Amino acid sequence: MKQATLATVGFERYGKTTRRAVFLGEMERVVPWAALCGLIGPVYPKPGNGRPPVGVERMLRIYFLQQWFNLSDPAVEEALYDSLAMRRFVGIDLGREPVPDETTVCRFRHLLEQHDLGRPLFDEVHRHLAAKGLKIATGTIVDATIINAPSSTKNADKARDPEMHQTKKGNQWYFGMKAHLGVDSRSKLIHAVVATPANAADSTVLADLLHGKETRVWGDQAYRGQRAVIRQRAPKARISPIAATATAVWSMRPSGRKIVSSPKYGPGSNIRSASSSGCSASPRCATAG
(Lines give C-alpha, C1' and ligand atoms only; values in the text may rest on other atoms or scores of the structure.)
Protein backbone atom coordinates (compact mmCIF):
# COMPACT_ATOMS: atom_id res chain seq x y z
CA MET A 1 0.00 0.00 0.00
CA LYS A 2 1.34 3.41 -0.97
CA GLN A 3 1.67 6.03 1.72
CA ALA A 4 -0.74 8.92 1.18
CA THR A 5 0.78 12.30 0.40
CA LEU A 6 -0.23 15.62 1.93
CA ALA A 7 -2.52 16.15 -1.07
CA THR A 8 -4.96 13.61 0.38
CA VAL A 9 -4.75 14.82 3.98
CA GLY A 10 -6.48 18.08 4.76
CA PHE A 11 -5.73 20.29 7.71
CA GLU A 12 -9.29 21.53 8.16
CA ARG A 13 -10.48 21.68 11.74
CA TYR A 14 -14.10 20.98 10.90
CA GLY A 15 -15.73 18.60 8.48
CA LYS A 16 -18.90 16.75 7.62
CA THR A 17 -19.62 13.49 5.86
CA THR A 18 -21.60 14.52 2.79
CA ARG A 19 -24.32 12.58 1.00
CA ARG A 20 -21.93 12.18 -1.92
CA ALA A 21 -19.30 10.58 0.30
CA VAL A 22 -21.88 8.27 1.87
CA PHE A 23 -23.16 7.22 -1.55
CA LEU A 24 -19.67 6.57 -2.92
CA GLY A 25 -18.83 4.56 0.18
CA GLU A 26 -21.88 2.40 -0.45
CA MET A 27 -20.97 1.91 -4.11
CA GLU A 28 -17.44 0.98 -3.07
CA ARG A 29 -18.92 -1.90 -1.09
CA VAL A 30 -21.69 -3.15 -3.36
CA VAL A 31 -20.30 -2.92 -6.91
CA PRO A 32 -18.53 -6.14 -8.00
CA TRP A 33 -15.41 -4.35 -9.25
CA ALA A 34 -13.28 -7.45 -9.81
CA ALA A 35 -15.95 -9.17 -11.92
CA LEU A 36 -16.60 -6.07 -14.03
CA CYS A 37 -12.91 -5.45 -14.62
CA GLY A 38 -12.58 -9.09 -15.65
CA LEU A 39 -15.03 -8.47 -18.48
CA ILE A 40 -13.11 -5.44 -19.74
CA GLY A 41 -9.58 -6.73 -19.16
CA PRO A 42 -9.26 -8.91 -22.30
CA VAL A 43 -9.88 -5.93 -24.62
CA TYR A 44 -8.18 -3.23 -22.54
CA PRO A 45 -4.81 -1.89 -23.81
CA LYS A 46 -1.78 -3.64 -22.37
CA PRO A 47 1.48 -1.92 -21.30
CA GLY A 48 3.92 -1.66 -24.19
CA ASN A 49 6.57 0.68 -25.48
CA GLY A 50 4.45 3.79 -25.09
CA ARG A 51 2.89 5.46 -22.08
CA PRO A 52 1.42 2.87 -19.67
CA PRO A 53 -2.40 2.81 -19.77
CA VAL A 54 -4.46 3.95 -16.79
CA GLY A 55 -5.67 1.02 -14.72
CA VAL A 56 -8.93 -0.51 -15.94
CA GLU A 57 -10.62 -0.30 -12.53
CA ARG A 58 -9.77 3.38 -12.21
CA MET A 59 -11.29 4.12 -15.61
CA LEU A 60 -14.37 2.05 -14.77
CA ARG A 61 -14.86 4.02 -11.55
CA ILE A 62 -14.61 7.29 -13.45
CA TYR A 63 -17.10 5.94 -15.98
CA PHE A 64 -19.54 5.14 -13.17
CA LEU A 65 -19.10 8.62 -11.70
CA GLN A 66 -20.27 10.00 -15.03
CA GLN A 67 -23.45 7.96 -14.83
CA TRP A 68 -24.24 8.65 -11.19
CA PHE A 69 -23.61 12.39 -11.28
CA ASN A 70 -24.53 13.18 -14.90
CA LEU A 71 -21.05 14.37 -15.89
CA SER A 72 -19.62 14.88 -19.35
CA ASP A 73 -15.99 14.04 -20.11
CA PRO A 74 -14.61 17.53 -19.30
CA ALA A 75 -16.94 17.81 -16.30
CA VAL A 76 -15.80 14.57 -14.68
CA GLU A 77 -12.15 15.62 -15.07
CA GLU A 78 -12.87 18.91 -13.32
CA ALA A 79 -15.01 17.23 -10.67
CA LEU A 80 -12.16 14.89 -9.77
CA TYR A 81 -9.81 17.82 -9.27
CA ASP A 82 -12.46 19.58 -7.21
CA SER A 83 -13.84 16.74 -5.04
CA LEU A 84 -11.73 14.85 -2.50
CA ALA A 85 -14.54 12.30 -2.04
CA MET A 86 -14.50 11.47 -5.75
CA ARG A 87 -10.71 11.21 -5.85
CA ARG A 88 -10.74 8.82 -2.91
CA PHE A 89 -13.37 6.71 -4.65
CA VAL A 90 -11.32 6.55 -7.85
CA GLY A 91 -8.01 6.15 -5.98
CA ILE A 92 -6.21 9.28 -7.20
CA ASP A 93 -3.57 11.03 -5.09
CA LEU A 94 -2.79 14.41 -6.63
CA GLY A 95 0.52 14.38 -4.79
CA ARG A 96 1.61 11.54 -7.07
CA GLU A 97 -0.38 11.71 -10.28
CA PRO A 98 -2.86 13.84 -12.26
CA VAL A 99 -6.47 13.03 -13.04
CA PRO A 100 -6.94 11.21 -16.39
CA ASP A 101 -7.82 13.85 -18.96
CA GLU A 102 -11.12 14.08 -20.81
CA THR A 103 -9.69 12.46 -23.96
CA THR A 104 -8.69 9.37 -21.97
CA VAL A 105 -12.17 9.22 -20.45
CA CYS A 106 -13.78 9.51 -23.88
CA ARG A 107 -11.58 6.76 -25.33
CA PHE A 108 -12.54 4.41 -22.52
CA ARG A 109 -16.23 4.89 -23.26
CA HIS A 110 -15.55 4.29 -26.94
CA LEU A 111 -13.77 1.07 -26.02
CA LEU A 112 -16.84 -0.17 -24.15
CA GLU A 113 -19.04 0.73 -27.10
CA GLN A 114 -16.71 -0.78 -29.70
CA HIS A 115 -16.74 -4.16 -27.94
CA ASP A 116 -20.42 -4.02 -26.99
CA LEU A 117 -19.66 -4.43 -23.29
CA GLY A 118 -22.68 -2.54 -21.98
CA ARG A 119 -24.97 -5.53 -21.78
CA PRO A 120 -22.41 -7.91 -20.19
CA LEU A 121 -21.51 -5.29 -17.56
CA PHE A 122 -25.16 -4.66 -16.82
CA ASP A 123 -25.99 -8.36 -16.56
CA GLU A 124 -23.05 -8.95 -14.23
CA VAL A 125 -24.28 -6.20 -11.89
CA HIS A 126 -27.75 -7.74 -11.78
CA ARG A 127 -26.35 -11.22 -11.12
CA HIS A 128 -24.42 -9.76 -8.22
CA LEU A 129 -27.49 -7.95 -6.87
CA ALA A 130 -29.61 -11.06 -7.18
CA ALA A 131 -27.00 -13.07 -5.29
CA LYS A 132 -27.22 -10.48 -2.50
CA GLY A 133 -31.02 -10.77 -2.39
CA LEU A 134 -31.90 -7.66 -4.43
CA LYS A 135 -34.33 -8.80 -7.11
CA ILE A 136 -36.43 -7.01 -9.69
CA ALA A 137 -40.09 -6.87 -8.61
CA THR A 138 -43.25 -7.00 -10.73
CA GLY A 139 -43.66 -3.24 -11.15
CA THR A 140 -41.84 -0.97 -13.60
CA ILE A 141 -41.79 2.83 -13.95
CA VAL A 142 -41.06 4.00 -17.49
CA ASP A 143 -39.85 7.44 -18.52
CA ALA A 144 -37.53 9.16 -20.99
CA THR A 145 -35.11 12.07 -20.96
CA ILE A 146 -33.38 14.01 -23.73
CA ILE A 147 -29.57 13.92 -23.78
CA ASN A 148 -28.23 17.12 -25.33
CA ALA A 149 -25.25 16.90 -27.67
CA PRO A 150 -23.28 19.52 -29.63
CA SER A 151 -24.92 20.24 -32.98
CA SER A 152 -21.71 21.65 -34.43
CA THR A 153 -20.22 20.21 -37.64
CA LYS A 154 -16.67 21.15 -36.62
CA ASN A 155 -15.38 17.59 -36.61
CA ALA A 156 -13.52 15.18 -38.87
CA ASP A 157 -16.63 14.28 -40.89
CA LYS A 158 -17.86 17.90 -41.15
CA ALA A 159 -21.34 16.67 -40.27
CA ARG A 160 -23.68 16.04 -37.37
CA ASP A 161 -23.74 12.60 -35.84
CA PRO A 162 -26.20 10.56 -37.99
CA GLU A 163 -27.49 8.68 -34.94
CA MET A 164 -28.77 11.92 -33.40
CA HIS A 165 -31.68 14.13 -34.30
CA GLN A 166 -33.36 17.34 -33.24
CA THR A 167 -36.68 17.54 -31.44
CA LYS A 168 -38.89 20.18 -29.86
CA LYS A 169 -40.08 20.05 -26.28
CA GLY A 170 -42.35 22.89 -25.29
CA ASN A 171 -40.89 25.94 -26.99
CA GLN A 172 -37.31 24.68 -26.88
CA TRP A 173 -35.41 22.79 -29.58
CA TYR A 174 -32.90 20.11 -28.62
CA PHE A 175 -30.35 18.10 -30.60
CA GLY A 176 -29.07 14.75 -29.44
CA MET A 177 -30.48 11.45 -28.26
CA LYS A 178 -33.08 10.23 -25.83
CA ALA A 179 -32.61 7.77 -22.98
CA HIS A 180 -35.69 5.65 -22.25
CA LEU A 181 -35.57 4.12 -18.77
CA GLY A 182 -37.25 1.16 -17.13
CA VAL A 183 -37.02 1.41 -13.33
CA ASP A 184 -38.08 -1.15 -10.75
CA SER A 185 -40.90 0.40 -8.72
CA ARG A 186 -39.75 -1.19 -5.45
CA SER A 187 -35.95 -1.13 -5.42
CA LYS A 188 -35.55 1.87 -7.80
CA LEU A 189 -32.95 -0.07 -9.77
CA ILE A 190 -32.74 0.78 -13.46
CA HIS A 191 -33.21 -2.55 -15.20
CA ALA A 192 -33.26 -1.31 -18.82
CA VAL A 193 -32.27 1.73 -20.85
CA VAL A 194 -32.81 2.19 -24.57
CA ALA A 195 -31.04 4.92 -26.52
CA THR A 196 -32.76 6.45 -29.57
CA PRO A 197 -32.53 9.69 -31.56
CA ALA A 198 -34.13 12.54 -29.66
CA ASN A 199 -37.15 12.68 -31.98
CA ALA A 200 -38.27 9.10 -31.25
CA ALA A 201 -41.62 8.89 -29.47
CA ASP A 202 -41.43 7.51 -25.93
CA SER A 203 -44.09 4.86 -26.57
CA THR A 204 -42.18 3.29 -29.50
CA VAL A 205 -39.60 1.69 -27.20
CA LEU A 206 -41.90 0.90 -24.29
CA ALA A 207 -41.71 -2.85 -24.85
CA ASP A 208 -37.91 -2.84 -24.56
CA LEU A 209 -38.13 -1.29 -21.09
CA LEU A 210 -40.08 -4.18 -19.59
CA HIS A 211 -38.62 -7.43 -18.29
CA GLY A 212 -41.84 -9.35 -19.04
CA LYS A 213 -42.97 -10.24 -15.51
CA GLU A 214 -44.67 -6.98 -14.55
CA THR A 215 -48.15 -6.86 -13.09
CA ARG A 216 -48.08 -3.05 -13.07
CA VAL A 217 -46.28 -0.47 -15.18
CA TRP A 218 -46.44 3.26 -14.52
CA GLY A 219 -45.88 6.00 -17.08
CA ASP A 220 -46.91 9.52 -18.03
CA GLN A 221 -49.00 10.91 -20.90
CA ALA A 222 -46.38 9.93 -23.47
CA TYR A 223 -47.40 6.28 -23.03
CA ARG A 224 -51.11 6.66 -23.61
CA GLY A 225 -52.87 4.59 -26.25
CA GLN A 226 -51.48 1.24 -25.06
CA ARG A 227 -54.65 -0.13 -23.41
CA ALA A 228 -55.39 -2.58 -26.23
CA VAL A 229 -51.87 -4.00 -25.92
CA ILE A 230 -52.34 -4.25 -22.16
CA ARG A 231 -55.47 -6.36 -22.57
CA GLN A 232 -53.89 -8.50 -25.27
CA ARG A 233 -50.65 -9.26 -23.43
CA ALA A 234 -51.72 -9.18 -19.78
CA PRO A 235 -55.50 -9.38 -19.30
CA LYS A 236 -55.11 -9.66 -15.52
CA ALA A 237 -52.70 -6.75 -15.16
CA ARG A 238 -53.89 -3.84 -13.05
CA ILE A 239 -53.70 -0.33 -14.47
CA SER A 240 -52.33 2.04 -11.84
CA PRO A 241 -51.82 5.66 -12.91
CA ILE A 242 -49.38 7.52 -10.64
CA ALA A 243 -50.94 10.95 -11.20
CA ALA A 244 -53.94 12.60 -12.79
CA THR A 245 -52.02 13.01 -16.05
CA ALA A 246 -50.33 9.61 -15.99
CA THR A 247 -51.40 6.22 -17.27
CA ALA A 248 -50.12 2.71 -16.68
CA VAL A 249 -49.07 0.64 -19.66
CA TRP A 250 -48.05 -2.92 -20.36
CA SER A 251 -46.48 -4.57 -23.36
CA MET A 252 -44.21 -7.40 -24.42
CA ARG A 253 -40.49 -7.32 -25.16
CA PRO A 254 -39.72 -7.61 -28.88
CA SER A 255 -36.26 -8.22 -30.24
CA GLY A 256 -34.18 -6.11 -32.53
CA ARG A 257 -33.46 -2.97 -30.51
CA LYS A 258 -30.16 -2.09 -28.92
CA ILE A 259 -30.47 -1.95 -25.14
CA VAL A 260 -27.98 -0.09 -22.97
CA SER A 261 -28.08 0.14 -19.24
CA SER A 262 -26.92 1.82 -16.06
CA PRO A 263 -26.75 -0.14 -12.79
CA LYS A 264 -28.40 2.35 -10.45
CA TYR A 265 -29.17 6.01 -10.11
CA GLY A 266 -26.91 8.39 -8.27
CA PRO A 267 -27.78 10.20 -5.03
CA GLY A 268 -30.68 12.61 -5.14
CA SER A 269 -31.50 11.78 -8.75
CA ASN A 270 -34.74 10.50 -10.23
CA ILE A 271 -35.48 8.30 -13.21
CA ARG A 272 -34.35 11.08 -15.51
CA SER A 273 -30.70 10.57 -14.58
CA ALA A 274 -28.51 10.07 -17.66
CA SER A 275 -25.13 11.13 -18.91
CA SER A 276 -24.09 13.45 -21.69
CA SER A 277 -20.93 13.25 -23.71
CA GLY A 278 -18.34 15.95 -23.94
CA CYS A 279 -16.85 14.67 -27.21
CA SER A 280 -18.25 14.36 -30.70
CA ALA A 281 -19.19 10.72 -30.24
CA SER A 282 -22.72 9.57 -29.57
CA PRO A 283 -23.88 10.06 -25.97
CA ARG A 284 -25.13 6.50 -26.18
CA CYS A 285 -21.66 5.31 -25.16
CA ALA A 286 -22.10 7.21 -21.90
CA THR A 287 -24.70 4.63 -20.92
CA ALA A 288 -22.63 1.64 -21.82
CA GLY A 289 -23.91 0.92 -25.25
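**Exercise 1.** Determine the volume of the largest pocket and describe which residues and elements line it.

*Solution.* The largest pocket of this predicted model has a volume of about 530 Å³. A pocket is an open set of points on a 1 Å grid over the protein atoms alone, where a 1.4 Å probe fits, with protein on both sides within 12 Å along at least five of seven lines; the volume is the space filled by probe spheres set on the points, which are joined across faces, edges and corners. Its lining, meaning residues with an atom within 4 Å of a point, comprises 18 residues, and Arg51, Pro52, Pro53, Val54 and Thr104 lie nearest the centre. Two or more residues each come from α3 (56–69) and α6 (102–114), helices being DSSP runs of H or I with at least four residues, numbered from the N terminus. Of the elements, α6 gives the most, with four residues.

Residues are numbered from 1 along each chain as its sequence is written. Because the model is predicted, totals for linings use all residues, whatever their pLDDT.

Definitions and conventions:
Predicted model: local features only at pLDDT ≥ 70, side-chain atom pairs only at ≥ 80, totals over all residues. Heavy atoms only, no water.
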